[in-house]
Amino acid sequence: MLSYDELTSPERELWDAFPEGRRVDLRAGVPEDDRVADGGRWGPGRTVRAAVIAALLLGANTPQPGAVACLRLAGARISGRLNLAGAQIAHALWLEDCSFEESVDLLGASTQTIVITGSRTPGIEADAARIEGNLDLRRSVMEGGFSSPFNHENTALSLSDAHVTGGVLLNDAEFNVPGGWAVSAGGLAMEGGVFCKGGFTARGEVRFVGAQLPGGLFMQGAHLAGPGPHGVALSLDNAVVSTLHLSKGFTANGTLRLRGAQISDNLTFDGAVLNGPPDGGGPALFAPLMQAVEFRLTPALTPSAPLDLRGAQVSYLHENQWSWPDVVELDGFGYGSIKSAEAGERQDGAGHRESAAHRVAWLRRSPGYSPQPYEQLASWYRTIGHDDDARRVLLAKQRHRRRALTLPARAWGHLLDATVGYGYRPWLAGVWLLTLTLLGTLIFGAHTPSPVKPGEGAPFQPVVYTLDLLIPIGGLGQRTAWYWTDAGPQGLAYLLVALGWVLTTALIAGVTRTLQRN
């Protein structure tokens, strides 16, 4: 039991301030002298024993009537280990810009709000702790990591701008702050991993905006039960993460924001459930400009809200039959390869691919028309040696583009499509030529033309005559040597001349367009 007479001057000041909740500020007011990294050199005038803090929180000094007792301390060097394991603490703890000699032990404790901001500590252990308020660790440096698999109501965790050398363990933790943020760790920088696995549950937004997580973020089996403001369940905008595991039963009832996030290795949704905001007012995944090496979009169920992948870039895209909802924003989305979990047509000696028609249907899920998704898919098909499929995709691009054109342009587009497939099916011109040749041969062969100069020239040949009408350049001598007196054959002759010009023009235009693009 501590005696008042045993207390040092700063400890007595803290002791006297506690019943009224007054703050004791031991900072020098000079930035160079207040750096917590140099807190080990602070002298006795700025040193408070951890045992004194523990004694006050456990009722060693009677609260002042009419006031809310609270321990508020700034700029102190805290010597010894702050051991509150198993404690029942009825008062809030506020520590700002403090330097701890040893780690903080909250194992199994039941406490009010704990604020340790801008401070430096070897680590914080809060396994099985119950905190009836907020746990605020903003701007703090935790060299030994942070462990807190606790369960409690109406509690939020703030790690904004904190720096953790070890890891952050939140396995089986529960945060219940509906409509607000449950975990705020924007700007968090740490060398170890962040583990929110197992029964981790958050009702409120989990924020890692701009965080630096080279050890990865692991949320296998986590349940983001309710979104925060604007329907967001998890926010990793502009975060830099080595590995992001949102898998193995991971469930999100809100938008997952990964705008501008950089994942240097694996981003996986394997076995995840992406429900999107409950009110349906936003996407299930919002990841414009995201970058990842391996992107495993293989959920357990089809996302119930749109996906936004505009401008995202991944090296390896893995998908399954539940990957794509009805609406997928794909403009600017780039990938090096696609691998499907389902067996389909052979892609090469080792893998499988879906049909080009299936892939085109995927692109059609993107609202509006944009050429990039088609060009990207065609490029991938060419890369794996499927040039025919690449042409099918580019033909589908022209058909999609045609919807946005004016009526005359659409009419010309339909003509190019029907005759030469926009140049991607030049063999159609041969089909048309053969069909019209057979038609002309049959009709002209059933009638007798009149010679332009009787007794001169070659005899009439229906096949050669028909080809002479269809081919507008050059001549085979038949068209100028014979004429018709019957209206039927004469009208067909005029029609074949016109169709010959149209067919030739379409063939030249389509092939030229294809060559220019290639």
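**Aromatic contacts and a nonpolar surface patch**

Arg46 is placed over the face of Trp42, 3.8 Å from the ring centre. This arrangement, like those that follow, comes from a predicted model.

**Aromatic pairs**

- The structure holds 11 aromatic pairs, counted by ring centres within 6.5 Å.
- Phe269 and Phe295 form an edge-to-face pair, because their ring centres are 6.2 Å apart and their planes stand at 75°, and planes over 60 degrees apart count as edge-to-face.
- This pair joins distant parts of the chain, 26 residues apart: Phe269 belongs to the loop between strand S32 (262-268) and strand S33 (273-274), and Phe295 to strand S35 (residues 291-297).
- Phe269 counts as buried because its relative accessibility is 0%; Phe295 is likewise buried, with a relative accessible area of 0%.
- Phe444 and Trp484 form a stacked pair, with 5.3 Å from centre to centre and 20° between the planes.

**Aromatic cluster**

- One aromatic cluster is formed by Trp324, Phe333, Tyr335 and Trp362.

**Nonpolar surface patch**

- Leu439, Leu442 and Ile443 make a nonpolar surface patch of about 270 Å².
- Leu442 is part of helix H7 (residues 427-445).
- Leu442 counts as exposed because its relative accessibility is 65%, and exposed means over 50%.

Conventions. Residues numbered from 1 in each chain as written. Predicted model: local features only at pLDDT ≥ 70, side-chain atom pairs only at ≥ 80, totals over all residues. Heavy atoms only, no water. Patch = residues over 30% accessible without salt bridge, like charges linked within 9 Å, V, L, I, M, F, W, Y side chains within 5 Å. Areas by Shrake-Rupley, 256 points an atom, 1.4 Å probe, with all protein chains shown as cover. Salt bridge = Lys/Arg side-chain N within 4 Å of Asp/Glu carboxyl O. Helix = DSSP H or I, 4+ residues; strand = E, 2+ residues; numbered from the N terminus. Buried < 20%, exposed > 50% of the residue type's maximum accessible area, 1.4 Å probe, protein only. Phe/Tyr/Trp six-rings, centres within 6.5 Å; stacked < 30°, edge-to-face > 60°. Lys NZ or Arg CZ within 6 Å of the ring centre and 35° of its normal.
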